[in-house]
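Subject: Structure handover

Hello,

Here is the structure for you to look at. Please open it first, then read the notes below it.

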Amino acid sequence: MCGIGGHLASVDARPPDDHLGDVLNQLAHRGPDDAGRFDDPAFGIGLVQTRLSILDPSPAGHQPMLSADGKVVLVFNGEIYNFQELKAELVAAGFSFHGNSDTEVLLNLYLHHRSTKNQFQSVLRRLNGIFAFAIWDQDLQELLVVRDALGVKPLYYSLHTNGFAFASETKALQHLLSKNQTYDYAAI
C-alpha cells in the first residue's frame with residue numbers, strides 16, 4: 001500500500017509549498033519505507049508519493065521517478081502483475097533499466113508510447129494489475145492521471161477553478177483544496 005497525491009494549478013493559484021508536506025504527512029502510514037516529492041513552481045505542478053517497498057526496495061525504486069532528462073515524472077501506487085513481460089518488450093525495443101520495479105517499467109512504457117497517445121491507451125489496457133498513478137510530461141505540459149478499471153487502488157480528485165488536485169485519501173486531498181471548496185459527498 002503506497003500513497004500518491006499532487007496538484008496542477010495556475011502558477012498564481014497553486015497551494016503553498018507546505019501543503020505538499022502536509023499531504024506527505026497524511027499519507028505516511030500508507031508507505032513507511034520511503035517518501036518523495038517533486039515540485040516545479042514554473043509549471044504549477046507538485047507530486048508526492050509514500051512508498052511501501054515490495055518489488056524493488058533499492059533506491060532504484062524511489063519515487064517520484066524521473067526520466068533521464070527529468071522532464072517526465074511518475075508517482076505510482078499499486079502493482080503491475082505482468083511487468084516482467086512488459087519489461088522484456090521494452091528491453092527488446094532498446095530500453096535499459098536501473099532497477100527491477102514495475103514503476104520503472106510503467107515510466108518507460110509511457111516514454112516509448114508518448115508520441116502516439118492512442119497506442120499508449122492500448123498499452124494501458126494491457127496492464128494486468130491494480131494501480132493509480134500520475135505522469136507529468138513537462139514537454140507536453142500534460143498531467144495524466146490513471147486508475148485501474150475496477151478502482152481497487154483509491155484515487156480521489158478535484159477539478160476546480162484553480163486547477164486539478166488528487167490524492168489516495170480524501171484527508172490528504174483536503175490539504176490541496178481551498179478552504180471554501182465544496183464537496184460532492186455523493187461522489188465521494
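**What was found**

Leaving out residues up to four places away in sequence, Lys87 touches Phe97, Gly99, Asn100 and Val105. Touching, or contact, means heavy atoms within 4.5 Å. The model is predicted, so local features need pLDDT of at least 70 and side-chain atom pairs count only at pLDDT 80 or more, while totals for chains, interfaces and linings use all residues. Residues are numbered from 1 along each chain as its sequence is written, and side-chain values use heavy atoms, with hydrogens and water left out.

**The chain as a whole**

The protein chain has 5 helices and 9 strands. Both are DSSP runs numbered from the N terminus: helices are H or I with at least four residues, and strands are E with at least two. In sequence order the pattern is β-α-β-β-β-β-α-α-α-β-β-β-β-α. Of the chain's 188 residues, 48% count as buried. Buried means under 20% relative accessible area, exposed means over 50%, and partly exposed is in between (1.4 Å probe, protein chains only). Among contacts with a separation of 6 or more, 56% are between residues 24 or more positions apart.

**Around Lys87**

Lys87 sits in helix α2, which covers residues 83-92. A salt bridge needs a side-chain nitrogen of Lys or Arg within 4 Å of a carboxyl oxygen of Asp or Glu.

The side chain of Lys87 does make a polar contact of 3.2 Å with that of Asn100. A polar contact is a pair of N or O atoms within 3.5 Å; within protein, one must be able to donate a hydrogen and the other to accept it, and residues adjacent in sequence count only if both atoms are side-chain atoms.

Gly99, also touched by Lys87, is in the loop between α2 and α3. Gly99 has a relative accessible area of 16%, so it counts as buried. Its C-alpha atom is 9.9 Å from that of His62, 37 residues apart along the chain.

**Helix α3 and the cores**

α3 has 12 residues, and 10 of them are buried, so this helix is largely enclosed by the rest of the structure. The buried ones include Glu104, Val105 and Leu106.

In the largest nonpolar core, which has 22 residues, Leu127 and Phe133 touch the most other members. A nonpolar core is a set of buried Ala, Val, Leu, Ile, Met, Phe, Trp, Tyr and Cys residues joined through side-chain atoms within 4.5 Å. Two or more residues of this core come from each of β5 (72-80), α2, α3 (102-113), α4 (117-126) and β6 (129-137). Which element gives the most? It is α3, with 5 residues. Another core lies apart from this one; it has 13 residues, among them Ile45, Leu47, Val73 and Leu155.

**Charged pairs**

By the salt bridge rule above, the count is 7. Arg126 pairs with Glu85, the closest N and O atoms being 3.3 Å apart. Arg126 is in helix α4 and Glu85 in helix α2, so the pair ties together parts 41 residues apart in sequence. Arg126 is partly exposed at 36% relative accessibility, and Glu85 is partly exposed at 45%.

Arg114 forms salt bridges with Asp137 (3.0 Å between the closest N and O atoms) and with Asp139 (3.5 Å, N to O). Arg114 lies in the loop between α3 and α4, and Asp139 in the loop between β6 and β7 (142-147), so this pair ties together parts 25 residues apart in sequence. Asp137 is buried, with a relative accessible area of 0%, whereas Asp139 is partly exposed at 45%. Lys71, Arg114, Asp137 and Asp139 are linked in a network of salt bridges.

**Glu169**

Glu169 is in the loop between β9 (163-167) and α5 (170-173). Is Glu169 buried or exposed? Its relative accessibility is 14%, so Glu169 counts as buried. The side chains of Glu169 and Arg30 are joined by a polar contact of 3.1 Å.

Regards
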